[in-house]
Amino acid sequence: MANPFYITTPIFYVNDVPHIGHAYTTVVTDVLAGYHKLFGDETFFLTGTDEHGQKSQNAALARGVTPQAHVDEIAAVVQRTWDEMHIKYDIFMRTTAEFHKKVVQDCLQELFLRDEIYLHEYEGWYCVSEELFYTEKDLVNGKTPSGKDVTKISEKNYFFRMSKYQSRLIEYIEKNPDFIQPAGKRSETLGFLKSPLSDLCISRPKSRLAWGIELPFDKTYVTYVWFDALLNYLSGIGFKQEAAKQAKFERFWPTAVHIIGKDILTTHTVYWPTMLMALGLPLPKTIFAHGWWLTPTGSKMSKSEGFVVAPLQVKDLVGLEPFRYFLVRDIHFGNDASFSTELVINRINSELANGLGNSLSRSTNLVEKYFGGLIPQKTSDHPATLELIAKAEKVAPAVKAAILALEPHNAVGQVVELIYALSKYLDILAPWTSAKTNLPLAGEALYTTLEVLRIAGILLSPVMPEKMAELLRQVGFEGAIKYADAEKFGLLVPQTKISKVPPMFPRIELASIVRETPPLSPRKL
Ligand code: MSP
């Protein structure tokens, strides 16, 4: 039976439409899921929307619509955006779905009955935009550590005994180095856990916030949005549902990989594991926090910073799959990077237009011109051919290792290295010249080139599924795309008919784009 693999994105707030930062998380997760499918794993990919809480209520109020109408509208925009970016999620979770609300209430009830949740009079500082409580000592110059405004509140609330799990969590993180990645984020969490952990306020009085899941044991309160949202990772895979779904949950849950942005580290590496411990459940396998796309002035790209790039506009500029390629390739997964249209275009031109696309059109063109469109015989007499074959056969395991190490940029980088090696090889064997004097040598160069392209096509298929399926057909390779076929050199059948192909990745001229398109801005609803 195939290995189960469960991967998630954060579920997105619906106070606004997605920008490139949200698209990044989702594309990278889609690509990781795609690689696992290619490796033959039984993959389940969850994404969705986080629809309750103050942010949604305020956004609805500002637009003069009901919260439900507002969340329905924005959730549809988010889902449509991911569909337009060919994100192949298995479930689009919405926290307003009835089955999710029931799971949240069941968990709350269970924890309440076990005295993991208690009522307590609370006085402190609350930040609306972060939906977080702060104590006096947490504040920096009267604001949250990230500079957001707080208001003083005093009220009775329900608390989850998070502090009780502090030492167990520290021990778990120390014993499981892969649990929080990259290593810097693991240290950051351990650093955070050096100070005493407070209990977590998990309720909001309805008088202050009506838009949430009602507490099953007190109808005057709704559930704190993070407590509600985090549980989507369980409800979305079948937890506390009918037998078949529960079985799915049990099989997939321990394999869970949560891909998140570094802005939501503590909620995922402290709140979430302690909630799971209280529920008596295993922890996810890995929580990976990636970096941010920054604005030209170096701050996190977000609506409040006033500079956002709409993913669908970039897609319209450069094409969907090259854009997906850029997102995965350009950021070292885990680090920050600045975004600019110029970077996207340069990357696409140098690696896709010049590298991959050029080798494909040149080789198919020569096969048509000198070999009647039939794949030449497989020979490997030239030392450069042997060297390239040896290199090509090492790429699939290297890509697999990079994906298992959560280094998608490196997986793509391995294929790029192979394409560079191919370009150099073509320069050495120069089939465009040798075809006139030494046809077998040209044939050897072209067979080897088509084979390397076939291997690259399989290995890049999770990043650019449609383009790579097209490339595989163009080099004469039909059938299902399988990882095992990328491990072997020499599967193309000589004498198979192929045709010359037009450039798969036409060069994009920066000048013309700057002139012809308006500045990138968020999409209007
Ligand atoms: N709703 C919560 C998550 C709940 S998960 C149980 C949330 N939503 S969000 O819409 O604000 O952001 C979701 C994610 O978008 C972030 O964690 C991060 O992954 C991604 N990004 C948002 N802005 C980003 C950048 N500028 N750059 C890269 N990713 C960023 O937080």
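This is a predicted model: local features need pLDDT of at least 70, side-chain atom pairs count only at pLDDT 80 or more; totals for chains, interfaces and linings use all residues.
Local features rest on pLDDT of at least 70 and side-chain atom pairs on pLDDT 80 or more, while totals for chains, interfaces and linings use all residues. Residues are numbered from 1 along each chain as its sequence is written, and side-chain values use heavy atoms, with hydrogens and water left out.

The ligand has 24 residues around it, and I11, T25, D50, W293 and M301 come nearest (near: a heavy atom within 4 Å). By type, this shell splits into 13 nonpolar, 8 polar and 3 charged residues; here Ala, Val, Leu, Ile, Met, Phe, Trp, Tyr, Cys and Pro count as nonpolar, Asp, Glu, Lys and Arg as charged, and the others, Gly among them, as polar. At least two shell residues each come from β2 (12–13), α1, α7 (225–230) and β13 (257–261), with helices (H or I, at least four residues) and strands (E, at least two) taken as DSSP runs numbered from the N terminus.

Because 17 of its 19 residues are buried, α1 is largely enclosed by the rest of the structure (buried is under 20% relative accessible area, exposed over 50%, partly exposed in between; 1.4 Å probe, protein chains only). After α1 comes G40, with a positive phi near 95 degrees.

The structure holds 30 salt bridges, each a side-chain nitrogen of Lys or Arg within 4 Å of a carboxyl oxygen of Asp or Glu. In one of them, D106 pairs with K102 at 3.0 Å between the closest N and O atoms. Both lie in helix α4 (residues 98–113), 4 residues apart, about one turn of the helix. D106 is partly exposed at 27%, and K102 is partly exposed at 49%.

E110 forms a salt bridge with K240, at 2.6 Å. This pair links distant parts of the chain, 130 residues apart: E110 is in helix α4, K240 in the loop between α8 (232–235) and α9 (243–252).
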